[in-house]
Amino acid sequence: MKRVILVVFLVVFQTMNFAQELKFGKVSKEELEETKHPLDPNAPAAILSKKYTVKYEYQQNIGFVQIREITMRIKIYTQEGFEYADYMAPFYNSKSARETVSKVNGTTYNLESGKITETKLKSDQVFENEVTKYRSELKFTMPNVKPGSVLEYKYEIRSPFEQNIDQVECQYEIPLNKLDVKISIPDYYTVKPSTKGYFPINLKQSKENTSFTLMSTERTNSGGTFNTVSSQTYADNYTYTSNVYSVTMSNVPAIKQEPYVDNLSNYKATINMEVVGYQFPGQLYKSYAQTWDDVVKSIYESENFGGELKKTGYFEQDLDKVISDIPIQTDRMAAVLEFCKSRIKWNDYYSFYSRDGVKDAYKKGVGNSGDINLNLINMLNYAGLIANPILVSTKSHGIPLFPTLEGFNYVVAGVELNGSFYLLDASDKFSIVNVLPERAINWSGRLIKKSGGYEEVSLFPSTASQENSIVSFSLKEDAKIIGKRRVQYTSYLAKNFREKYVNVSKESYLEKMESNYEGIDISNHEVTNDKELYQPVSETYDFEMANVADKIGNTIVFSPMFFLATSTNPFKSETREYPIDFVYPIKSRQTFTVTIPEGYAIESIPAPLNIAMPENLGSYRYTIQKTDTTVQLVVQYEINKAYISQDYYDFVKDFFKQIVDKEAEKVVLKKL
């Protein structure tokens with residue numbers, strides 16, 4: 001036992017020792033020789049060191065400028081870790097100012113023939129891409145990356161937006177050996193620090209003094225006949241106090257992906273610094289603090305948002321041809337959505353702003369999510385419906401915890417009609433009324449009304465997506481089955497099916513389907529309503545499959561659901577740290593009829609099962625009976641809440657365990 005403890009201590013000590021000695025540009029042979037992470041042997045890569053500093057510099061005639069310096073050192077263990085050689089960092093612009101990126105420096109280190117080699121990141125491998133008018137990206141890929149490489153890079157961002165401090169990530173999907181964060185803010189600014197995530201962060205606060213020099217020039221007239229002018233330059237030194245927020249952490253574990261998680265980044269350990277106001281000597285206090293009212297007002301009053309919702313005179317004649325003969329408002333709403341989808345294609349960029357204007361996007365037939373859905377809102381209102389924009393943060397963007405313009409990156413349409421509320425998004429080919437693309441189903445959004453007010457609206461689907469399946473099996477004595485299946489999907493399940501089916505060839509779709517059900521041979525495959533988005537989509541096919549039952553002497557043993565049984569429990573971990581996101585409620589009903597081989601009798605069948613989770617979260621019913629020649633089974637499965645707290649994890653885990661266990665149970669036939 002003492003030896004085990006000593007080994008663990010040495011591993012931890014070695015990891016910490018590496019982290020303490022790291023200096024930029026000084027990569028050791030030991031780091032390059034390391035083949036796996038000492039504390040997480042399955043990690044494809046690890047961050048050996050991250051250094052993140054924020055400081056403020058006073059510039060004459062400008063004022064305070066924020067400077068962010070980021071330094072990273074990453075170890076690549078396997079080819080799966082190559083993704084960490086790709087780097088992207090956002091920076092921001094406004095009409096009058098922009099952040100600038102400089103001092104980008106990177107090197108890939110490898111060990112070749114016992115010697116350390118260096119491959120420099122070249123300037124033509126570093127890109128700055130404009131995403132929107134207000135956001136750009138720094139992108140680069142480190143060169144000459146191999147398993148065993150150590151990557152090192154650093155850069156600096158100078159920002160005129162001194163009131164905005166980016167969220168600092170303190171945890172990743174790979175281990176982080178050493179983290180040093182230092183955020184130094186002049187005490188003229190009032191700051192609200194906070195942390196989030198499940199891994200504890202010890203945020204320390206201290207003070208330090210900083211000096212800067214202001215240059216001034218004094219001119220004097222000598223008077224007299226010649227009236228000469230002389231000038232003298234003075235240097236005045238000023239000192240101010242800064243509040244310093246710092247974190248030093250070692251051996252931060254990787255945040256592990258779990259099934260049915262909305263966005264893992266929502267649960268990472270992070271530091272947030274909100275600058276709520278400032279007061280310079282001799283001036284009144286100015287507040288930066290924003291409420292949601294401030295955010296909504298700022299967005300709505302923007303020319304790229306509220307201004308675009310006033311645009312008319314460019315689509316009306318085209319739309320009239322579509323809706324003039326549609327008196328029912330719900331049908332008219334769907335027709336407007338489909339019209340907008342057909343006229344403007346999404347360019348894969350997220351935004352709630354219109355980039356070049358709704359008219360331009362309509363004319364060109366392409367635009368970002370803001371271009372498209374602001375157009376949609378204009379069209380819906382023209383069609384006599386009450387439509388308003390809903391600000392959304394996509395799943396990949398995270399949850400906006402604080403009132404900030406950067407909290408949102410997307411917009412959808414909301415329609416109030418006859419006491420009901422409908423959500424629409426025209427940027428997705430397969431979306432329909434109240435079926436948003438999954439990227440937009442992220443907790444809640446903020447609906448902005450023309451009056452200037454707003455209200456929070458849930459984005460979670462409330463109506464269950466349904467699967468109804470009828471399957472017939474004819475079991476042969478040689479353990480082969482011949483059968484037919486018909487399955488029908490509605491709502492999100494139909495959308496998911498169409499996304500997999502419509503965009504690929506039928507041959508590719510069937511090949512993938514047969515690979516999912518190993519050993520199956522599918523024929524007579526037909527799909528109906530694959531392009532009729534407002535109808536349930538149906539799939540029918542015949543199948544054959546060998547070796548699906550066990551012959552033991554005079555008996556045949558088989559699962560009555562065969563290849564359609566639930567074989568694995570997605571919830572395997574002992575504990576759960578994050579909520580469970582099923583995305584949408586589900587109702588499934590599957591009916592199975594198994595015809596047994598001639599000359600056999602049914603000796604035993606599984607017992608029925610009826611279980612439910614607490615709080616009406618979900619239920620499962622397994623109803624089975626037999627006749628002389630058939631086994632008849634109905635399996636009903638419901639998940640009634642799209643989003644389930646991790647507090648119910650034990651119930652969810654046991655619920656799925658019972659399903660797997662039950663569907664593995666066998667029917668036993670005996671030869672007559």
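Modeller: Relative accessible area is the scale to start from: buried means under 20%, exposed means over 50%, and partly exposed lies in between (1.4 Å probe, protein chains only). This is a predicted model, in which local features need pLDDT of at least 70 and side-chain atom pairs count only at pLDDT 80 or more, while totals for chains, interfaces and linings use all residues. Residues are numbered from 1 along each chain as its sequence is written, and side-chain values use heavy atoms, with hydrogens and water left out.

Biologist: How many helices and how many strands does the secondary structure come to?

Modeller: Helices (H or I, at least four residues) and strands (E, at least two) are DSSP runs, numbered from the N terminus. Under that rule, the secondary structure of the protein comes to 10 helices and 36 strands.

Biologist: What share of the contacts with a separation of 6 or more is made by residues 24 or more positions apart?

Modeller: A contact requires heavy atoms within 4.5 Å. Among the contacts in the protein with a separation of 6 or more, residues 24 or more positions apart account for 72%.

Biologist: Turning to one residue, is Tyr 198 buried, exposed or partly exposed?

Modeller: Tyr 198 sits in the loop between strand S11 (189-196) and strand S12 (204-221). Because its relative accessibility is 39%, Tyr 198 counts as partly exposed.

Biologist: Which residue has a side chain that makes a polar contact with the side chain of Tyr 198?

Modeller: Leaving aside residues up to four places away in sequence, Tyr 198 touches Tyr 267, Glu 577, Tyr 578, Pro 579 and Gln 646. A polar contact is a pair of N or O atoms within 3.5 Å; within protein, one must be able to donate a hydrogen and the other to accept it, and residues adjacent in sequence count only if both atoms are side-chain atoms. For Glu 577, the backbone oxygen lies 2.7 Å from a polar atom of the side chain of Tyr 198. The side-chain to side-chain polar contact of Tyr 198, at 3.0 Å, is with Gln 646.

Biologist: Why is strand S18 largely enclosed by the rest of the structure, and how many of its residues are buried?

Modeller: Strand S18 covers residues 386-392, and it is largely enclosed because the buried residues among its 7 number 6.

Biologist: Which residue in S21 is the bridge partner of Leu 391?

Modeller: Two strands pair if DSSP finds at least two bridges between them. Strand S18 runs antiparallel to strand S19 (residues 410-417), joined by 7 bridges, and Asn 388 stands opposite Gly 414 in S19. S18 also pairs in the antiparallel sense with strand S21 (residues 444-448), over 2 bridges. In S21, the bridge partner of Leu 391 is Arg 446.

Biologist: Which residue in S7 does Glu 130 stand opposite?

Modeller: S6 and strand S7 (residues 135-141) pair over 6 bridges in the antiparallel sense. At one place in this pairing, Glu 130 stands opposite Ser 136.

Biologist: Which residue in S28 stands opposite Lys 551?

Modeller: S27 and strand S28 (residues 555-558) run antiparallel and are joined by 3 bridges. The residue in S28 opposite Lys 551 is Ile 556.
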